[in-house]
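I opened my notebook for a friendly walk through this one, and these are the entries as I wrote them.

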Amino acid sequence: MRKLYRLFSTIILLIDLSLLIDHSNVNYVNDASHDFQILPNASAAAFTLKINQRVFVPNDTLIVYGSGVPNDTLLVSLIDPGGRSIRIDFTNVNAEGTFFKEFMLWPQPNKNFVFGQYTLQVSSTAVSANNEEVKIVFAQGLAQSPLSAEVHNLIVKLDSPTLVSTNGNFRIFVQVTYDGALVDSDLPEFLGSSHIHSGNQTIINLVNKFAKLHEGIYYADVVLPNDGTYIIHAIAFHKGYESHDSRVVTASSTTIGTLQESVSKLGTELDRTTNQVNTTKTELSKIVEDARLSIQDDIQNAQQASGQLNSIILPVLVLISIIIALQISLFARIRASYR
C-alpha cells in the first residue's frame with residue numbers, strides 16, 4: 001500500500017513538473033488537497049511552492065518544487081515542532097522559472113528529528129514578497145492517508161520547590177506518560193537532555209542524574225551553587241516523540257527554611273525566657289509571702305509585747321495615783337491643823 005502511494009505521488013509530481021515547464025507564465029495556487037489551480041495572465045514574478053506529500057515517515061524523501069522568478073536563489077528552511085530551524089539549504093530557479101529540490105531524507109526519529117508537525121519555509125532572495133510555508137507531519141509508521149497521521153501524546157510533568165537554599169540539596173520529580181500510560185524506561189537518553197540553566201548558560205546537565213521512584217515517576221537530587229534564578233528544564237524522548245516541562249527556581253542563602261529555623265530558635269529562646277520569668281515570678285511570690293508572714297508575726301509579737309507592757313504600766317500608774325492622792329490628803333490635813 002505504501003509503495004502504491006509513493007508511486008502515485010511520483011506520477012503527480014511528474015505531471016506537476018510538466019505543467020510548470022509548459023506553463024512557465026502561469027501561477028499555481030496550493031490548496032488543502034495539493035491540487036493547483038491555473039490562473040491565467042499571471043505575472044513573471046509569480047511564486048508557488050509544492051511538496052511531494054504532507055505526511056512523512058522514516059526513510060521518506062521530502063521533495064520541494066514549484067515556480068518562481070527565473071534565475072532566483074531560494075532559501076529552504078525546515079522548522080521543528082519546537083520552533084527551531086534544524087535544516088537550511090538553497091535551491092536555484094532555472095531559466096524557465098521552475099525549481100526542484102530533493103531537500104532531505106527523513107531519518108529514524110531522534111532528539112533532533114522527533115515526531116510531530118513541522119513547517120517548511122521557502123523564501124526568495126531576489127523578491128522579498130515571494131515566500132511560502134507549508135505544514136508537514138513526521139509520523140510513526142504508515143499514515144492512514146496523505147493528510148492524516150497517527151498521533152501520540154507524550155506528556156512530561158515537572159515538580160520541584162520554587163525557593164531553595166544555595167548549596168543545599170533539594171529534589172525534583174518528573175512524571176512521564178505516553179498516551180496516558182506511565183512510561184517505564186531505563187534508557188540514558190530518556191531524560192538525558194534535561195538540564196538546569198540560568199539565562200542562556202547551562203549550569204547543570206541532568207544526564208544520568210535521574211533515578212526511578214516508581215514506574216513513570218523519576219527524581220534527581222540537585223545542588224545549586226550560587227544565589228540567583230534558575231530554570232529547570234525536563235525533556236523526555238520516547239518512541240520518537242519529545243516533550244518538555246520547566247520550572248523556575250530561586251536559590252538564596254536566606255530561604256524560607258533558614259527563616260523557619262531562625263523563627264524556631266527564637267521561639268525556643270522565648271520559651272526558655274518565659275520559663276525563667278515564670279520561675280522568677282514564683283520565687284518572688286514565695287519571697288513576698290514569706291516577708292508578709294514574717295511581718296505579720298512581728299506585728300503579732302509587738303501586739304503581745306504591747307499587752308505585756310500595758311499590764312506592767314497600769315498597776316504602776318494606779319500606785320502612783322494612790323500615792324499622789326495620799327500626799328494631797330496629807331497636805332490638806334497639815335494645812336487644816338495650822339488654822
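Is E269 buried or exposed, or partly exposed? I found E269 at 37% relative accessibility, so it counts as partly exposed. My cut-offs: buried means under 20% relative accessible area, exposed means over 50%, and partly exposed is in between, with a 1.4 Å probe and protein chains only.

**Ground rules.** I am working on a predicted model, where local features need pLDDT of at least 70, side-chain atom pairs count only at pLDDT 80 or more, and totals for chains, interfaces and linings use all residues. Residues are numbered from 1 along each chain as its sequence is written, and side-chain values use heavy atoms, with hydrogens and water left out.

**Salt bridges.** I searched the whole structure and got eight salt bridges. The criterion is a side-chain nitrogen of Lys or Arg within 4 Å of a carboxyl oxygen of Asp or Glu.

I began with E269, whose side chain meets that of R272 in a salt bridge at 2.4 Å, N to O. Both residues lie in helix 2, three residues apart, about one turn of the helix. Helices (H or I, at least four residues) and strands (E, at least two) are DSSP runs, numbered from the N terminus. R272 is partly exposed, with a relative accessible area of 47%.

Next I looked up R171, which forms a salt bridge with D221; their closest N and O atoms are 2.7 Å apart. R171 is in strand 13 (residues 169–178) and D221 in strand 18 (residues 217–223), so this pair ties together parts that are 50 residues apart in sequence. R171 is partly exposed at 37% relative accessibility, and D221 is partly exposed at 37%.

Then I checked K212 and D184, whose side chains meet in a salt bridge of 2.3 Å, N to O. K212 sits in strand 17 (residues 211–214), while D184 is in the loop between strand 14 (181–182) and strand 15 (195–198), so the pair ties together parts that are 28 residues apart in sequence. K212 is partly exposed at 34% relative accessibility, and D184 is partly exposed with a relative accessible area of 44%.

**Core.** Which residues have the most contacts inside the largest nonpolar core? I noted L62, W106 and L224, in a core of 51 residues. Such a core is a set of buried Ala, Val, Leu, Ile, Met, Phe, Trp, Tyr and Cys residues joined through side-chain atoms within 4.5 Å.

I listed the contacts of W106 (heavy atoms within 4.5 Å), leaving aside neighbours within four places in sequence: among them are F56, L62, L78, F113, Y118 and F138.

I also looked at A234, which is in strand 19 (residues 228–238). A234 has 1% relative accessibility, so it counts as buried. Not counting residues up to four places away in sequence, A234 touches V156, L158, V174, S194, S243, H244 and D245. A234 and H195 are 39 residues apart in sequence, yet 6.7 Å apart in space, C-alpha to C-alpha.

I traced an open sheet of five strands in the order 4-10-9-6-7, with mixed pairing. Its edge strands are strand 4 (55–56) and strand 7 (85–92), each pairing on one side only. Two strands pair if DSSP finds at least two bridges between them.

Strand 9 (residues 116–124) and strand 10 (residues 131–138) run antiparallel and are joined by eight bridges. The bridge partner of V122 in strand 10 is E132. Strand 6 (residues 73–79) pairs with strand 7 in the antiparallel sense over seven bridges, and I79 stands opposite S85 in strand 7. Strand 6 and strand 7 form a hairpin with five residues between them, and G83 in the turn has a positive phi of about 90°.

**Positive phi.** Most residues other than glycine have a negative phi. I flagged N59, which is not a glycine but has a positive phi of about 80°. N59 lies in the loop between strand 4 and strand 5 (61–67), and N59 is partly exposed with a relative accessible area of 48%. I flagged N208 as well, with a positive phi near 60°. N208 lies in the loop between strand 16 (201–205) and strand 17, and at 67% relative accessibility N208 counts as exposed.
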